[in-house]
Amino acid sequence: MAKIITVQLLLASDSEIEIESFVKNELEQLIAATKGMIIDGKVAGASAEPSPDVLEALRTGNYTQGKAFDHENGSARRLLIMDGDVSPYIIGPFDSEDLRLEAARVHRAVNGDRDGIYMLDVPRGIDPFVDAFSGNDLEGGADPLTAYVIGELTAGRTPITRLALDGAPYWLFYQGDEVLVNNTMLASIEKGLGTELVRVVSTMQSAFMTRVQAKSSFTEKDWAKASKQGSTTETFEAWAETMASNLPTAKDVLSGIVD
């Protein structure tokens, strides 16, 4: 019945206002002239800079039609990173394939093989978006208590805590009540989050949180102290990653495997 197509234009102007005004005007005339073949149109996304090769060809008068939109010139090169093969994010764009490859190699050297690294090419001027579904999204919803805890953890808070005393139970406050946390509840929470929880101990209390939260709990002051003591030669980022990866899991703590 109908299709939406994306059209890219290389225009002899670098004025955003002039370009948008021109394209809107031409679209209106084109829609009117097609007698219903084109139903609607809009300027979508931000305008993008042509590649250096295209600009040079325009400057010297050697530009050939279509050059701006071939794979090499018409696509913005990015990297899709799967943090821990769970949480996706995008970096880039990169001006060349060599620069993208170098960025991928640097990421692998710094972070090891814990992350998935993928090439992502999209048309210039299109801002890609990527995000992950939670286990709760995919499995049709969790019980209200589990959903509450997942929401708190996702927001960066730590609802599951205990006093920093050996053998003390872990609790969370929900709708004014103090709820004891057990292995069954923990399994439901981790299933909904799509990742395991770990234990972080502070002066006054212990808390369960994701490894991403745990990593951010380590400070540069802690790292500087460890570096001064000679217990690490890593960068702060790598040290925090190592510290978070060595924390005991909440499952082992609740099961008594770790005190």
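Buried means under 20% relative accessible area, exposed means over 50%, and partly exposed is in between, using a 1.4 Å probe and protein chains only. Keep that scale in mind. Asp-115 comes out at 3%, so Asp-115 is buried.

Now, what we are looking at. This is a predicted model, where local features need pLDDT of at least 70, side-chain atom pairs count only at pLDDT 80 or more, and totals for chains, interfaces and linings use all residues. Residues are numbered from 1 along each chain as its sequence is written, and side-chain values use heavy atoms, with hydrogens and water left out.

Salt bridges next. The rule is a side-chain nitrogen of Lys or Arg within 4 Å of a carboxyl oxygen of Asp or Glu. How many salt bridges does this rule give? The count is twelve.

Back to Asp-115. Its side chain meets that of Arg-114 in a salt bridge, 2.8 Å from N to O. Asp-115 is buried at 3%. Arg-114 is partly exposed, at 29% relative accessibility.

Now look at Glu-241 and Lys-215. Their side chains form a salt bridge at 2.9 Å, N to O. Glu-241 sits in helix 10 (residues 236-245) and Lys-215 in helix 8 (residues 211-217), so this pair ties together parts that are 26 residues apart in sequence. A word on naming: helices are DSSP runs of H or I with at least four residues, strands are runs of E with at least two, and both are numbered from the N terminus. Is Glu-241 buried or exposed? Buried, at 18% relative accessibility. Lys-215 is buried too, with a relative accessible area of 18%. And these pairs link up. Shared partners join Asp-83, Arg-114, Asp-115, Lys-215, Glu-237 and Glu-241 into one salt-bridge network.

One more bridge. Arg-59 pairs with Glu-56, and the closest N and O atoms are 2.7 Å apart. Both residues lie in helix 2 (residues 52-60). They are three residues apart, about one turn of the helix. Arg-59 is exposed, at 61% relative accessible area. Glu-56 is partly exposed, at 39%.

On to helix packing. Take helix 6 (residues 144-154) and helix 7 (residues 183-193). Their axes come within 9 Å and cross at roughly 55 degrees. That makes helix 6 oblique to helix 7. The axes are lines fitted to C-alpha atoms, for helices over the stretch in contact, and angles run from 0 to 180 degrees between N-to-C directions. Under 35 degrees counts as roughly parallel, over 145 as roughly antiparallel, 65 to 115 as roughly perpendicular, and the rest as oblique.

Which residues of helix 6 and helix 7 meet? From helix 6, Leu-145, Thr-146, Val-149, Ile-150, Leu-153 and Thr-154. From helix 7, Met-185, Ser-188, Ile-189, Gly-192 and Leu-193. Contact here means heavy atoms within 4.5 Å.

Stay in helix 6 for Glu-152. Glu-152 is buried, with a relative accessible area of 16%. Leaving out residues up to four places away in sequence, Glu-152 touches Arg-157 and Pro-159.

Ser-206 is in strand 8 (residues 205-210). Ser-206 is buried, at 3% relative accessible area. Again leaving out residues up to four places away in sequence, its contacts include Ile-160, Tyr-170 and Arg-199.

Ala-226 is in helix 9 (residues 220-229). Ala-226 is buried at 9%. Beyond four places in sequence, Ala-226 touches Ser-231, Thr-232 and Trp-239. How far apart are Ala-226 and Glu-18 in space? They are 57 Å apart, C-alpha to C-alpha, and 208 residues apart in sequence.

Last topic, the backbone. Most residues other than glycine have a negative phi, and most peptide bonds are trans. Two places to check by eye. The peptide bond joining Gly-92 and Pro-93 is cis, with omega about 10 degrees. Pro-93 is in strand 2 (residues 87-94). Then Gln-175. Gln-175 is not a glycine, yet its phi is positive, about 50 degrees. Where does Gln-175 lie? In the loop between strand 5 (171-174) and strand 6 (177-180). Gln-175 is exposed, at 67% relative accessibility.
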